[in-house]
Amino acid sequence: MTTKLFGEPVRRREDARLIVGKGRYLDDIGSAALACAFVRSPHAHARITEIDVEGALDVDGLVAIYTYEDLTGPMAEPLPVLIPHPQLHAPRTGYPLARGW
């Protein structure tokens with residue numbers, strides 16, 4: 001990790017585009033665009049014993065519901081370490097979706 005940016009302003013690259021009105025938002029794409037939502041647990045470090053999606057299946061316009069059990073291959077593996085460091089002997093990262101074990 002670098003200490004170069006501590007206490008210094010960080011220039012955001014997207015600001016100029018947004019200030020002059022050239023930003024793209026989901027509403028600009030139109031009604032055919034899909035949106036995504038994630039449900040987070042209100043309980044830290046809780047064990048997942050069941051995910052009940054039955055109530056969500058009745059929502060108009062719903063395209064899909066994914067749980068960890070729907071993931072296959074590399075998608076079911078832990079996420080990569082974004083900033084590898086030689087002092088991290090066994091870096092741990094999370095999974096793309098919560099798994100119950």
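This briefing describes the overall form of one protein and then a few of its residues. The structure is a predicted model. The protein contains two helices and zero strands. With a radius of gyration of 20 Å, well over the 13 Å that the globule rule gives for 101 residues, the protein is more spread out than a compact globule. Of its 101 residues, 6% count as buried.

**Overall form and surface**

- The C-alpha trace of the protein spans about 50 × 45 × 30 Å along its principal axes.
- Among contacts between residues at least 6 apart in sequence, 39% join residues that are at least 24 apart.

**The aromatic pair**

- The count of aromatic pairs in the model comes to one.
- This pair is formed by Tyr68 and Tyr95 in an edge-to-face arrangement, with 5.9 Å from centre to centre and 90° between the planes.
- The pair links distant parts of the chain, as Tyr68 and Tyr95 are 27 residues apart, each in the segment after α2.
- Tyr68 has a relative accessible area of 12%, which is under the 20% cut-off, and so Tyr68 is buried.
- Tyr95 has a relative accessible area of 28% and is therefore partly exposed, since that class lies between 20% and 50%.

**Thr67, a buried residue**

- Thr67 is located in the segment after α2.
- The relative accessibility of Thr67 is 15%, so this residue counts as buried.
- Leaving aside residues up to four places away in sequence, Thr67 touches Ile51, Val53 and Leu97.

**Gly94, a partly exposed residue**

- Gly94 is also found in the segment after α2.
- With a relative accessible area of 40%, Gly94 is partly exposed.
- The contacts of Gly94, not counting residues up to four places away in sequence, are with Pro78 and Leu79.
- Gly94 and Val59 are 35 residues apart in sequence, and their C-alpha atoms are 29 Å apart in space.

- A relative accessible area of 62% places Cys36 among the exposed residues, for which the cut-off is over 50%.
- Cys36 and Ile65 are separated by 29 residues in sequence and by 9.8 Å in space, C-alpha to C-alpha.
- His45 is likewise situated in the segment after α2.
- His45 counts as exposed, at 85% relative accessibility.
- The backbone angle phi of His45 is near 60°, a positive value in a residue other than glycine.
- Most residues other than glycine have a negative phi.

How values were computed:
Residues are numbered from 1 along each chain as its sequence is written. This is a predicted model: local features need pLDDT of at least 70, side-chain atom pairs count only at pLDDT 80 or more; totals for chains, interfaces and linings use all residues. Side-chain values use heavy atoms; hydrogens and water are left out. Helices (H or I, at least four residues) and strands (E, at least two) are DSSP runs, numbered from the N terminus. The radius of gyration is taken over C-alpha atoms; the globule rule is 2.2 Å times the number of residues to the power 0.38. Buried means under 20% relative accessible area, exposed over 50%, partly exposed in between (1.4 Å probe, protein chains only). Contact means heavy atoms within 4.5 Å. Rings of Phe, Tyr and Trp (its six-membered ring) pair if their centres lie within 6.5 Å; planes under 30 degrees apart count as stacked, over 60 as edge-to-face and the rest as tilted.
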